[in-house]
Amino acid sequence: MPIIVDIDVMLAKRKLSVGELADRVGITPANLAVLKNGRAKAVRFTTLAALCEALECQPGDLLRFEADDTANERPRPSATVAKAGAEDRP
């Protein structure tokens with residue numbers, strides 16, 4: 001997934017444990033671990049806001065976009081298509 005979660009970075013900077021942050025945010029340590037480890041499929045804005053408040057940071061400090069290498073690859077035309085295109089040129 002191209003969205004990277006950097007909660008662990010902020011936890012280290014703030015010298016907080018997962019359990020302590022979970023208590024401050026009001027979610028279970030297990031749910032915070034799912035989010036922290038990048039296994040979550042979604043995050044509620046209220047949860048994101050609570051994380052930002054507890055960690056005194058911005059959403060961009062917790063989430064970042066990193067393009068997949070496969071997403072940037074374009075399919076290549078087959079040899080017959082490329083050859084047919086070459087024949088059409090003068």
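**Notebook: helix packing and the nonpolar core**

I began with the pair α1 and α3, whose axes lie 9 Å apart and which pack at an angle of about 115°. For this I took axes as lines fitted to C-alpha atoms, for helices over the stretch in contact, with angles running from 0 to 180 degrees between N-to-C directions. The elements themselves are DSSP runs numbered from the N terminus, helices being H or I of at least four residues and strands E of at least two. I looked up the residues that make the contact and found I7, D8 and L11 on the α1 side, with L32, L35 and K36 on the α3 side; contact here means heavy atoms within 4.5 Å. By class, these residues divide into four nonpolar, no polar and two charged, where Ala, Val, Leu, Ile, Met, Phe, Trp, Tyr, Cys and Pro count as nonpolar, Asp, Glu, Lys and Arg as charged, and the others, Gly among them, as polar.

I note for the record that this is a predicted model, in which local features need pLDDT of at least 70 and side-chain atom pairs count only at pLDDT 80 or more, while totals for chains, interfaces and linings use all residues. Residues are numbered from 1 along each chain as its sequence is written, and side-chain values use heavy atoms, with hydrogens and water left out.

**Helix α2**

I next looked at α2 against α3 and found an angle of about 105°, with the axes 9 Å apart. That makes α2 roughly perpendicular to α3, on a scale where angles under 35 degrees count as roughly parallel, over 145 as roughly antiparallel, 65 to 115 as roughly perpendicular and the rest as oblique. From α2 the contact uses V18, G19, L21 and A22, and from α3 it uses P29, L32 and K36. I sorted this contact of α2 with α3 by class as well, and it has five nonpolar, one polar and one charged residues.

Which residues of α2 are buried? In this helix, residues 18-25, they are L21, A22 and V25, with buried meaning under 20% relative accessible area, exposed over 50% and partly exposed in between (1.4 Å probe, protein chains only). Seen down the axis of α2, these buried residues fall within an arc of 100°, so they line one face of the helix; the arc is that of the directions from the helix axis to the C-beta atoms. I found that they pack against α1 (7-14), α3 (29-36) and α4 (45-55). After α2 comes G26, whose phi is positive, near 90°.

**Helix α4**

For α4 I listed T47, L48, L51, C52, A54 and L55 as the buried residues. They cover an arc of only 165° around the axis, which puts them on the same side of α4, whereas F45, T46 and E53 are exposed on the other side. The buried residues of α4 pack against α1, α2, α3, α5 (59-62) and β2 (63-65).

I checked T47 separately, and at 18% relative accessibility it counts as buried. Leaving aside neighbours within four places in sequence, T47 is in contact with V25 and I27.

**The core**

I then looked up the largest nonpolar core, which has 17 residues, and those with the most contacts inside it are I7, L21, L32, L51, L55, C57 and L62. Such a core is a set of buried Ala, Val, Leu, Ile, Met, Phe, Trp, Tyr and Cys residues joined through side-chain atoms within 4.5 Å. Two or more residues come from each of α1, α2, α3 and α4, and α4 gives the most, with five residues. For L62, not counting residues up to four places away in sequence, I found that it touches I4, V5, D6, I7, M10, L48, L51, C52, L55 and C57.

**Loops**

K15 sits in the loop between α1 and α2, is exposed with a relative accessible area of 74%, and has phi near 55°, a positive value in a residue other than glycine. E56, in the loop between α4 and α5, likewise has a positive phi, near 50°, and counts as exposed at 67% relative accessibility.

Where does N37 lie? I placed N37 in the loop between α3 and α4, and with a relative accessible area of 43% it is partly exposed. The C-alpha atoms of N37 and I4 are separated by 9.1 Å, although the two are 33 residues apart along the chain.
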